[in-house]
Amino acid sequence: MYEEMYSIRMRAAEGGPHEHGGFHISGGETLVPKDLLEAAAKTFVHKALNHSRGDADFIQVIIEKVSSDHLVRLPPLSVSTEAVNSVEEGRHRAIELLQNFGVSEMAIANGIERLQNTTDLRGAVIMSAVGGERLDDRGSRGVRATRMGWSQEGYTRWSALYPELASPRVAEAIVLATKVAYAPFIVAELCWSDDPEYVTGYVSCREKGYVRITHLKEKGDFSGGRIFYVSDDVQLDQFIGFLEQTAVLLV
Ligand code: AMP
């Protein structure tokens with residue numbers, strides 16, 4: 001029998017809740033055993049209150065018990081870094097890699113354009129990896145992957161392997177990218193943060209892992225988000241159901 005785990009997720013906005021027009025400031029989710037729950041909630045409140053996107057006046061934290069028998073245990077994606085000197089070079093590399101992962105030129109161009117013109121997306125846009133059209137109808141809410149986190153042993157092992165990357169930001173992104181990479185119908189993911197201070201982004205897929213690209217936008221730019229590229233036979237209910245409901249623990 002495994003220990004019971006709790007899913008904890010946070011969202012924060014300025015100017016009221018997101019659904020009443022508040023500007024998205026920060027979000028996060030993790031999966032922790034009971035004895036770490038209070039510390040995790042505190043970390044999320046701290047993250048919401050200390051964000052370069054603004055001064056949150058709405059913070060919601062939701063906690064739910066997840067039966068450990070229903071947890072899917074996955075190994076983290078392998079990580080590599082592409083050091084580039086400019087946004088132009090970074091995007092060029094992202095295009096090459098995504099093509100190599102099976103995303104069409106048109107879909108890549110649409111994905112980059114969408115992220116470039118989006119400053120208030122809370123979740124991800126689901127996009128056809130072939131035609132490049134948006135497939136979900138969630139607007140600026142997007143689709144959020146939830147119910148996922150590191151096991152303590154998994155995190156200890158991973159951070160010893162990649163000591164230079166072991167920041168909360170990268171650790172959280174690896175969890176998300178790994179869960180997404182194991183979703184049915186996924187082809188690849190593209191991400192850069194909407195945090196104006198953070199310009200490193202990534203592309204990822206199950207076979208090639210998580211590839212960090214050191215410049216995908218300019219400093220001071222509020223644009224960003226995530227694109228989940230899916231195959232044309234996607235069953236959206238199944239894909240979104242996996243992202244939102246299946247509990248995933250990285251080991
Ligand atoms: P972050 O990596 O936290 O800076 O988030 C950057 C962007 O990725 C956000 O603005 C959202 O568009 C998207 N995002 C963040 N968390 C999730 C999630 N759990 N599921 C889907 N998309 C997310």
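A nonpolar core is a set of buried Ala, Val, Leu, Ile, Met, Phe, Trp, Tyr and Cys residues joined through side-chain atoms within 4.5 Å, where buried means under 20% relative accessible area with a 1.4 Å probe and protein chains only. The model is predicted, so that local features need pLDDT of at least 70 and side-chain atom pairs count only at pLDDT 80 or more, while totals for chains, interfaces and linings use all residues. Residues are numbered from 1 along each chain as its sequence is written, and side-chain values use heavy atoms, with hydrogens and water left out.

**Exercise 1.** Describe the largest nonpolar core and the elements that give residues to it.

Step 1: this core has 36 residues, and Trp158, Ile174, Tyr210, Phe228, Phe239 and Leu243 have the most contacts inside it.
Step 2: the elements giving two or more residues, taken as DSSP runs (helices H or I, at least four residues; strands E, at least two), include β6 (124-128), α5 (168-181) and α6 (236-245).
Step 3: α5 gives the largest share, nine residues.

**Exercise 2.** Find which charged side chain lies nearest to Arg91 with opposite charge.

Step 1: Arg91 is placed in helix α2 (residues 87-101).
Step 2: Arg91 is buried and the side chain in question, Asp221, is 5.1 Å away, without a salt bridge, which would require a side-chain nitrogen of Lys or Arg within 4 Å of a carboxyl oxygen of Asp or Glu.

**Exercise 3.** Locate an oxygen atom of the ligand relative to Leu121 and to Ser193.

Step 1: a ligand oxygen is 2.8 Å from a polar backbone atom of Leu121.
Step 2: a ligand oxygen is 2.6 Å from an N or O atom in the Ser193 side chain.

How values were computed: Buried means under 20% relative accessible area, exposed over 50%, partly exposed in between (1.4 Å probe, protein chains only). Lys and Arg count as positive and Asp and Glu as negative; His and the chain ends are not counted. A polar contact is a pair of N or O atoms within 3.5 Å; within protein, one must be able to donate a hydrogen and the other to accept it, and residues adjacent in sequence count only if both atoms are side-chain atoms.
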